Amino acid sequence: MPDADGIARFRDRPGVWLSFGGAAFYSAYRDRLVPLGLRPSWVTALAIIEQHPGISQAALGRKLCVNRASSMATSVQLAEAGLVSREPLPGRNRTGLTITGKGLERLEAACLVEEQMIAGLMDGIPDQERAVFFSVLRTLAGRISRKP
């Protein structure tokens with residue numbers, strides 16, 4: 001991550017800090033998932049599949065905001081890793097996805113990794129300030145993700 005404090009134009013720009021902070025967290029999280037055989041996008045996919053057993057590959061793609069080809073590739077990779085099962089659904093060329101026991105174990109482990117990272121980052125920050133911080137992050141993410 002570039003030294004934003006060392007770049008005068010960036011020093012007081014919240015968007016820069018959100019971008020750099022998000023990228024740094026993502027990179028560190030991605031590295032910690034390697035021993036679990038996971039990628040951050042797979043963790044999101046597994047969480048969606050857990051919440052929606054039997055979800056079609058197309059619906060998973062819509063929830064992940066990726067195209068059909070990417071959704072199908074992710075589904076195949078998750079199945080090959082034994083993290084989801086793929087079953088035919090009624091209709092033409094439709095496949096449903098269900099998380100497996102192995103997938104659930106890995107999802108729980110990935111969530112624990114994230115919880116430990118956040119605990120370390122938030123150490124010493126009072127609970128009330130954490131709550132405000134998370135609320136602001138949710139609000140910003142919601143505003144950014146809305147389509148005009």
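**From the whole fold to its packing**

Modeller: In this predicted model, residues 24 or more positions apart account for 43% of the contacts with a separation of 6 or more. Keep that in mind as we go.

The protein has six helices and three strands. Read from the N terminus, the order is α-α-β-α-α-β-β-α-α. Along the principal axes, the C-alpha atoms fill a box of roughly 55 × 35 × 30 Å. Of the 148 residues in the protein, 25% are buried.

Now to the helices. Two packed helices are described by the angle between their axes and the distance between the axes.

Take α2 with α5 to begin. Helix α2 covers residues 40–51, and helix α5 covers residues 101–121. They pack at an angle of about 120 degrees, and their axes are 10 Å apart. That angle makes α2 oblique to α5. The crossing of α2 past α5 is left-handed. Which residues meet in α2 and α5? From α2 come Val 43, Leu 46, Ala 47 and Glu 50. From α5 come Gly 103, Leu 104, Leu 107 and Ala 110. Sorted by class, this contact of α2 with α5 has six nonpolar residues, one polar and one charged.

Next, α1 with α5. Helix α1 spans residues 14–33. The angle between α1 and α5 is about 135 degrees, with the axes 10 Å apart. The two helices are therefore oblique to each other. The crossing of α1 and α5 is right-handed. On the α1 side, the contact uses Phe 25, Ala 28, Tyr 29, Arg 32 and Leu 33. On the α5 side, it uses Ala 110, Val 113, Glu 114, Met 117, Ile 118 and Leu 121. By class, the residues of the contact of α1 with α5 are nine nonpolar, no polar and two charged. Look for Ala 110 in your view. It is part of the contact with α2, and it is part of the contact with α1.

Arg 30 forms a salt bridge with Asp 31. Their closest N and O atoms are 3.7 Å apart. The cut-off for a salt bridge is 4 Å, so this pair qualifies. The count comes to one salt bridge. Are these two residues buried or exposed? Arg 30 is partly exposed, because its relative accessibility is 36%. Asp 31 is partly exposed too, with a relative accessibility of 47%.

Now go to the buried residues. Helix α3 covers residues 57–64. Its buried residues are Gln 57, Ala 59, Leu 60, Gly 61 and Leu 64. What covers them? The cover includes α2, β1 (55–56), α4, β2 (84–88) and β3 (95–99).

Ser 75 lies in helix α4, residues 68–80. Ser 75 counts as buried because its relative accessibility is 0%. Setting aside neighbours within four places in sequence, Ser 75 is in contact with Gln 57, Leu 60, Val 84, Arg 86 and Leu 97. Of these, Gln 57 and Leu 60 are among the buried residues of α3.

Follow Ser 75 to Val 84. Val 84 is found in strand β2. Val 84 is buried, with a relative accessible area of 5%. Leaving out neighbours within four places in sequence, its contacts are Leu 46, Ile 49, Ser 75, Leu 78, Ala 79, Leu 97, Thr 98, Ile 99 and Thr 100. Leu 46 takes us back to α2, where it also meets α5. For a sense of distance, the C-alpha atoms of Val 84 and Ala 8 are separated by 48 Å, and these residues are 76 apart along the chain.

Cys 65 follows α3, in the loop between α3 and α4. Most residues other than glycine have a negative phi. Cys 65 is not a glycine, yet its phi is positive, about 60 degrees. At 63% relative accessibility, Cys 65 counts as exposed.

Ile 125 sits in the loop between α5 and α6 (127–145). Ile 125 is partly exposed, at 31% relative accessibility. Ile 125 and Cys 111 are 14 residues apart in sequence and 21 Å apart in space, C-alpha to C-alpha.

Key
Residues are numbered from 1 along each chain as its sequence is written. This is a predicted model: local features need pLDDT of at least 70, side-chain atom pairs count only at pLDDT 80 or more; totals for chains, interfaces and linings use all residues. Side-chain values use heavy atoms; hydrogens and water are left out. A salt bridge is a side-chain nitrogen of Lys or Arg within 4 Å of a carboxyl oxygen of Asp or Glu. Buried means under 20% relative accessible area, exposed over 50%, partly exposed in between (1.4 Å probe, protein chains only). Axes are lines fitted to C-alpha atoms, for helices over the stretch in contact, and angles run from 0 to 180 degrees between N-to-C directions. Helices (H or I, at least four residues) and strands (E, at least two) are DSSP runs, numbered from the N terminus. Angles under 35 degrees count as roughly parallel, over 145 as roughly antiparallel, 65 to 115 as roughly perpendicular and the rest as oblique. A crossing is left-handed if the near helix is turned anticlockwise from the far one by less than a right angle, and right-handed if clockwise. Contact means heavy atoms within 4.5 Å. Ala, Val, Leu, Ile, Met, Phe, Trp, Tyr, Cys and Pro count as nonpolar, Asp, Glu, Lys and Arg as charged, and the others, Gly among them, as polar.
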